[in-house]
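Subject: Structure handover

Hi,

Here is the structure for you to look over. Please open it alongside these notes.

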Amino acid sequence: MTLVMENVSKVYKDGPKEFRALDNVSLKVNPGEFIAIIGPSGSGKSTMLSIAGALLSPSSGEILLGGENTINLSSKQITKRRLEKIGFVFQAANLIPYLKVKDQLNVINVIAKNKDREKGNELLEHFGLMHRINNYPSDLSGGERQRVAIARALINDPKIILADEPTASLDSKRGRQVVEMLADEIKTRDKAGIMVTHDERVLDLCDRVIEIRDGRLEE
Ligand SMILES: Nc1ncnc2c1ncn2[C@@H]1O[C@H](COP(=O)(O)OP(=O)(O)OP(=O)(O)O)[C@@H](O)[C@H]1O
């Protein structure tokens, strides 16, 4: 499963004004490859990740998820592909405040109609969270919350992992641990990973670092 973006542009329209946030961007991420995207504020990083994850449609260009072009899919089909193929990790863990840790993962099982309910426990064990399964997000440290968010992103065994500033709320040691976990998952299970980050201290854990400036890629 690869992720391919081909000649992707995104133009935001604000009344008569137009703003080109992405300008003819092409990128291919192979299985087992972990790519970092860096760049100044407003350069187009979040726009790019949102388009890669089919959360936002491009103004022109194509996105291929595992060889399948998403351009002609209906929004229902896109939602299904996203659930099956993509795991998202956001800046703040975005956990549901009124659900215990174990239920943060189970809710995805219910939505995805997964029959294998053991996977959640395996992931929580893998990330050292078993002693926390009956806690609410407010009881957890920032690092623990982010580990739950990663476990949740992996519950469907997605082949593409997209992370938007996953270390932003963490100190450098915990931030590094979180990115090490992402890198390990990407390597050992042959996933394609993209991480947007401002954190230069974790770039050595990535295979390639791509810079985005004014909506254009520079490697
Ligand atoms: N919905 C929108 N409508 C209009 N302009 C937008 C919209 N979303 C983003 N932009 C503009 O597009 C540009 C790129 O935004 P984007 O959020 O992708 O940048 P970024 O690199 O992720 O920034 P940051 O590091 O600050 O999060 C910015 O100039 C932003 O103001």
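Below are notes on strand pairing and on one helix contact.

This is a predicted model, in which local features need pLDDT of at least 70, side-chain atom pairs count only at pLDDT 80 or more, and totals for chains, interfaces and linings use all residues. Residues are numbered from 1 along each chain as its sequence is written.

Strands first. Helices (H or I, at least four residues) and strands (E, at least two) are DSSP runs, numbered from the N terminus. Two strands pair if DSSP finds at least two bridges between them. S1 (residues 3–14) and S4 (residues 60–65) run antiparallel, joined by five bridges. Here Val4 sits opposite Leu64 of S4. S4 also pairs with S5 (residues 68–69), again antiparallel, over two bridges. In that pairing, Leu65 faces Glu68 of S5. The S4–S5 hairpin has two residues between its strands, and Gly66 takes a positive phi near 55 degrees.

Now the helices. H3 (residues 101–112) packs on H4 (residues 118–126) at about 140 degrees, with the axes 9 Å apart. Axes are lines fitted to C-alpha atoms, for helices over the stretch in contact, and angles run from 0 to 180 degrees between N-to-C directions. The pair is therefore oblique (under 35 degrees is roughly parallel, over 145 roughly antiparallel, 65 to 115 roughly perpendicular, and the rest oblique). Val101, Lys102, Leu105, Asn106 and Asn109 of H3 meet Gly120, Leu123 and Leu124 of H4 (contact: C-beta atoms, placed from the backbone, within 7 Å).

Best wishes

Conventions:
Contact = placed C-beta atoms within 7 Å.
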